[in-house]
Amino acid sequence: MKTFRDLLIWQKAMTLVTNCYSISSNFPREELFGLASQIRRCFISIPSNISEGYGRGTNKDYHRFLRFS
């Protein structure tokens, strides 16, 4: 594995994020900065934690961030 982008779980998480953005864009306008924003942040944290953990350099930190995601 050369990078976190090679991980199948990261790739699937990015697909999930794309789907989330697509679905939440159909929310009512008044929810755009409320519920939609919160859901988007929740979903984007999954691949973000995977990539951040990968960059930490130690297996212990990497596994900790994988648990977060």
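**View 1. Ser 24 is buried, with a relative accessible area of 1%.** Buried means under 20% relative accessible area, exposed over 50% and partly exposed in between, using a 1.4 Å probe and protein chains only. The model is a predicted one, in which local features need pLDDT of at least 70 and side-chain atom pairs count only at pLDDT 80 or more, while totals for chains, interfaces and linings use all residues. Residues are numbered from 1 along each chain as its sequence is written, and side-chain values use heavy atoms, with hydrogens and water left out. Ser 24 belongs to helix H1 (residues 8–24); helices (H or I, at least four residues) are DSSP runs, numbered from the N terminus. Its side chain and that of Arg 40 are joined by a polar contact of 2.7 Å. A polar contact is a pair of N or O atoms within 3.5 Å; within protein, one must be able to donate a hydrogen and the other to accept it, and residues adjacent in sequence count only if both atoms are side-chain atoms. Neighbours within four places in sequence aside, Ser 24 is in contact (heavy atoms within 4.5 Å) with Ala 36 and Arg 40.

**View 2. Helices H2 (residues 35–55) and H3 (residues 59–68) have axes that come within 8 Å and cross at roughly 175 degrees.** H2 is therefore roughly antiparallel to H3, a term for angles over 145 degrees. Axes are lines fitted to C-alpha atoms, for helices over the stretch in contact, and angles run from 0 to 180 degrees between N-to-C directions. H2 contributes Asn 49, Ile 50, Glu 52, Gly 53 and Tyr 54 to the contact, and H3 contributes Asp 61, Tyr 62, Phe 65, Leu 66 and Phe 68. By class, the residues of this contact are six nonpolar, two polar and two charged. Ala, Val, Leu, Ile, Met, Phe, Trp, Tyr, Cys and Pro count as nonpolar, Asp, Glu, Lys and Arg as charged, and the others, Gly among them, as polar.

**View 3. Arg 56 and Glu 52 form a salt bridge between their side chains (2.7 Å, N to O).** A salt bridge is a side-chain nitrogen of Lys or Arg within 4 Å of a carboxyl oxygen of Asp or Glu. Two are found in a search of the whole structure. Arg 56 is partly exposed at 40% relative accessibility, and Glu 52 is partly exposed at 38%.

**View 4. A salt bridge links the side chains of Arg 64 and Asp 61 (3.3 Å, N to O).** Both residues lie in helix H3, three residues apart, about one turn of the helix. Arg 64 is partly exposed at 31% relative accessibility, and Asp 61 is partly exposed with a relative accessible area of 22%.

Key: Helices (H or I, at least four residues) and strands (E, at least two) are DSSP runs, numbered from the N terminus. Angles under 35 degrees count as roughly parallel, over 145 as roughly antiparallel, 65 to 115 as roughly perpendicular and the rest as oblique.
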